[in-house]
Amino acid sequence: MKNNFLIYSTLIFSCLILFTNCSEKKNDTTPWTPLFDGETLNGWKQLGGEAKYKIEDGKIIGTTVHNTPNSFLTTEKKYTDFILELEYKVDPRMNSGIQIRSNSFPHYLDNRVHGYQVEIDPSERAWSGGIYDEARRGWLNPLTNNAEAQKAFKQNEWNHYRIEAIGDTIKTWVNNVPAAHLIDEKTKSGFICLQVHSIKPDMQDNTNIEWKNINIITDSVSKYSKATPIPPINTKNKLTIDEEKNGWKLLWDGETTNGWRGAKLDAFPKKGWEIKNGELTVLASGGGESRAGGDIVTNDLYGDFELKVDFKLTPAANSGIKYYVNTEINKGPGSSIGLEYQILDDKLHPDAKLGNHEGSRTVSSLYDLIQADVNKPINPIGEWNTAYIKSINNHVEHWLNGSKVLEYERKSETYKKLVSESKYVKWPNFGELDKGQILLQDHGDLVSFKNVKIRPITNNKKQ
């Protein structure tokens, strides 16, 4: 009887547990969707390096190998807003991460995977849950000032991540402890990746990282978002850790007119330009020469430099970023003279079909002199694009959204010939200043700018 009672009690207890679990599952209306079925890699593909991925006991296991770059097991589908939860266990000798809103394009570093990474860091630094920008800007939200999150990671055990990416906001939790809170507008959509980091020759290969219980919410995402006590880090018009370390400076602070003046004025224009929500906008005033505010230039002069500017066009708009500008030349009406990175709606603005050299007035071109690559990666009108100009020892490059679209040798005979065949022929030694101002052009059309940053260089060293 005693044994029978024990058996019956065990059965009843088991049934109660089963009933409770079933009831909880039935009452859980959170719309989770598994990204991994526990048996196959359906819906995933490998990019980057040649690390090994396999499935074992309902887990994805990634294994390091020598002589290969970072490897990424990547979802075939791209995601915009989502909440992701998963578990992982990592060898203490490894570094890894979960890529989100990441991409791979032929024009960007030969298809290199790039984008946001939620760090997996078993080292003494303990930045697991921090946000890194893989193959782009470096650290965006480290855990330097978050001791609780640094303590949350468990060595040699399963760890749980919650990652929310909603609009311009990314939040993370490590084992239910709030870790990172980032506001960043760089990328709206991309795939999710499980990274196996490359290893140095002296490091042990065949080390593993394992993932399981990978689930995502993509419907009514804001409804299931959690609050976090972590103050947000906003990258808009701010230098990243790596930018500051490498000598970059903010050329516009996102709030004031400090450091800028009208190209033909002693102060910033009183009309025609607007500063709002961290954006510097030249207002529409009819296009052509009918400009309300006029061009603006930096107070400082720059010789060798690297320059980054985010810009956003409206339909049929025209503007430009000029460099090596001398505001003492051509003080009459019209734009100040300098080399120009063209900003233009190529489809709707007639200037795209003009210019002394065919296509030399299209977006990212060296205006009226050299056409940019016709396969340039331009984002649609109304979305942000990133211009990058590099000028060192008279070698100049124009880049657009991470892709080099043209290069030339300033002051060379080839360059001088191009000038002699252009509208600039009437200005002696056009574009040959050793130092000049940076200019944002008012061409009478609505165009916005943000994240204006410069890295001044003297003798190939940071100023």
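Predicted model: local features only at pLDDT ≥ 70, side-chain atom pairs only at ≥ 80, totals over all residues.
A residue counts as buried when its relative accessible area is under 20%, as exposed when over 50%, and as partly exposed in between, using a 1.4 Å probe and protein chains only.

Residues are numbered from 1 along each chain as its sequence is written, and side-chain values use heavy atoms, leaving out hydrogens and water.

Now for the rings. Rings of Phe, Tyr and Trp (the six-membered ring for Trp) pair if their centres lie within 6.5 Å; planes under 30 degrees apart are stacked, over 60 edge-to-face, and the rest tilted. That rule gives 15 aromatic pairs here. Take F305 and Y323: their ring centres are 6.0 Å apart and their planes sit at 75°, so this pair is edge-to-face. F305 belongs to strand β22 (residues 304–313) and Y323 to strand β23 (residues 318–325), so the pair ties together parts 18 residues apart in sequence; strands here are DSSP runs of E, at least two residues, numbered from the N terminus. Both F305 and Y323 are buried.

Back to Y424 and F430: with centres 3.9 Å apart and planes at 5°, the pair is stacked.

Finally, look for charges over rings (NZ of Lys or CZ of Arg within 6 Å of the ring centre and within 35 degrees of the ring normal). K212 has its charged end over the ring of W158, 4.2 Å from the centre, and K308 lies over the face of W248, at 4.2 Å from the ring centre.

Key:
Helix = DSSP H or I, 4+ residues; strand = E, 2+ residues; numbered from the N terminus.
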